[in-house]
Amino acid sequence: MSLSLFKITAQASTSLTKTHKTRSTTPKTRIPTRPIYHFNTLSRPNLSSPLPLMSSSASKAWNSVTKSSLIEPDGGSLVDLVVPERDRPAKKAEAAGLPKVRIGAVDVEWVHVVCEGWASPLKGFMREEEYLQSLHFNCLRLEDGRVVNMSLPIVLAIHDADKEAIGDSKDVGLVGPKGDTIAILRRIQIYKHNKEERIARTWGTTAPGLPYVEEVISSAGNWLIGGDLEVLEPIKYNDGLDHYRLSPRELRKEFDRREADAVFAFQLRNPVHNGHALLMNDTRRRLLEMGYKNPILLLHPLGGFTKADDVPLDVRMEQHSKVLEDGVLDPETTIVSIFPSPMHYAGPTEVQWHAKARINAGANFYIVGRDPAGMSHPTEKRDLYDPDHGKKVLSMAPGLEKLNILPFRVAAYDTSQKKMAFFEPSRAQDFIFISGTKMRTYARTGESPPNGFMCPGGWKVLVNYYESLQTEENGQLPAAISA
C-alpha cells in the first residue's frame, strides 16, 4: 500500500462543530500535582470504577478534566497566520520593499509550526518578554491572567549586519533558503541573544555535542528578532509527504468527521516496532473499557530537524505505512500525520512542548514513555536526563492541566512469549531490551531481530534503507528495489 492511500479525503473538510469548552484555571502559588493515569497493569481493571488503580480523590480530578470530545486550543482559538489568497499579491508587493532577513531551513520549520497554530496563542517569533517567560517559567501568562505552557523558546536569531540593515524599520521580510520571501515579520523587537543562558536553561547543560545547538544556535547571530508573522503562502516541502502534514485545524476536522470521542496522541521520531504498537493498542482497549465509543489514535511522527543518525522522515513514513498495511495498527482508528516541529532532544523541557502542541491539535490524551525527547549525554556514558522525569514533569507542568497524561512502563521483547510485552521485573531474565541503536545495528548488518519485534513489511523498509546507505558509501549505484 502506498503512502498516498492514507491521504485525507475531501470529506475531511466537514466544519468543526464539537469543540468542547474547557474551564480555564488561574494558577495558584503552589502548582498541584494532578493524577497520572497508569494503564500499565497487566491484570484486568475493575470496570465498576472510573479508571483502574485510581483513588477517590483522583477519580474526582478525572471527572473534572476528562473531555468527551475535542478540547479547546490554548488561548481559546487556533492561530492561523497564512495570508488569505485574495490578499497575497498586495502583501508580496509590500514585502518586496522591506528590509530582508535570510533564514535557514530550521527557521522555516518554526515559521510552519507557528503559522498553523501548533504554538497557539503565539503569533510569531517571541519578543523579549515572551522569550524570558518561556525560558525561565516554561509558560506564558495571557492578558486575561490565564497561563499556557510554552517550554521551548521559539525565536529567530540575526547577525550584526542584519540588525544594521534593518535600521529603524518596523517590519521585515523573511527570505527562505531558496531565496523566496516567505513571510513578513511585523512590529519587530530586536534584543540580545545570550546563547549560553539559552542553552543552559533549555538543556540543563552546555556540554558540546548537543545536536540542535550545533545545528542552529552555535553559529547563530548575537541578536534575536521578535514580531508577528504574516506568512505569504502555506509552507510546502514538495517532498511527496505534504499530504501528511495536516494542520491542527485539519486534524480537528478529521477527528470530528470520524466522530472521535477521545483522541490519544503518540509522538515518535523512530520507526514503529511492536512495543510501540502494544502501547497504542492497549491504550485504545483501555479507553473502550472506560466507556469511550470511538477513541482515535493520532500517530504523530516528528517531521522537522533530527540528528544525523536518526532514520530519515521519508523512510519512517514508508515504515509507518507498512505497519498499517500489515494490520499492526488499524487504519480505521488511526490517523498518521507529520508534526512539523524541529527536535531539540531536551528531555523533560521539550516533552512539555510536544504535549502542548497536541492539545492545539485536539488530543485530550497523551502517551508518554521512558525518557521522552531524551538522548545520551554527549560527552559521558549515561543518559542526559533521568528517564522517569518526563512523565513526572508532565503531571505537574503549568498550562497542561486539561491534558490527560498516560504514562507506560517499558515494553521489551519477551523471550518466553516471543513477542513484545510490558517488562515484568519479577521475571527480568525473560526479557531482551532492543534499543534504537541496536535496532539500527540489526538493520545495517542485515541481521534479523527476534521474531515479533517488528512487522515484516516495516522491517524490510529499514533493511532496504541501510543497504542503500552501504551501497552509497561503497560508491556503487543502488539496485532497483521492487515495491
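1. A residue counts as buried when its relative accessible area is under 20%, as exposed when that area is over 50%, and as partly exposed in between (1.4 Å probe, protein chains only). Keep that handy for alanine 373, which is buried, with a relative accessible area of 9%. You'll find alanine 373 in the loop between β12 (365–368) and α12 (389–396). Helices here are DSSP runs of H or I with at least four residues, strands are runs of E with at least two, and both are numbered from the N terminus.

2. Before going on, note that this is a predicted model: local features need pLDDT of at least 70, side-chain atom pairs count only at pLDDT 80 or more, and totals for chains, interfaces and linings use all residues. Residues are numbered from 1 along each chain as its sequence is written, and side-chain values use heavy atoms, with hydrogens and water left out.

3. Most residues other than glycine have a negative phi, and most peptide bonds are trans. Alanine 373 isn't a glycine, yet its phi is positive, about 60°. Tyrosine 345 also has a positive phi, near 60°, and sits in the loop between β11 (334–336) and α11 (347–361). Is tyrosine 345 buried or exposed? Its relative accessibility is 0%, so tyrosine 345 counts as buried.

4. Which residues does a cis peptide bond join? Look at serine 120 and proline 121, where omega is about 10°. Proline 121 belongs to the loop between α3 (105–116) and β2 (124–125).

5. Next, a helix pair. α13 (residues 436–445) packs with α14 (residues 456–473) at an angle of about 65°, and their axes are 7 Å apart. That makes α13 roughly perpendicular to α14 (65 to 115 degrees; under 35 is roughly parallel, over 145 roughly antiparallel, and the rest oblique). The axes are lines fitted to C-alpha atoms, for helices over the stretch in contact, and angles run from 0 to 180 degrees between N-to-C directions.

6. Who touches whom in this pair? Met439, Arg440, Tyr442, Ala443 and Arg444 in α13 meet Trp459, Leu462, Val463, Tyr466 and Gln470 in α14, with contact meaning heavy atoms within 4.5 Å. The residues of this contact divide into seven nonpolar, one polar and two charged.

7. Finally, zoom out. The chain has 14 helices and 16 strands, and 55% of its 483 residues count as buried. Of the contacts in the chain with a separation of 6 or more, 77% come from residues 24 or more positions apart.

Notes
Ala, Val, Leu, Ile, Met, Phe, Trp, Tyr, Cys and Pro count as nonpolar, Asp, Glu, Lys and Arg as charged, and the others, Gly among them, as polar.
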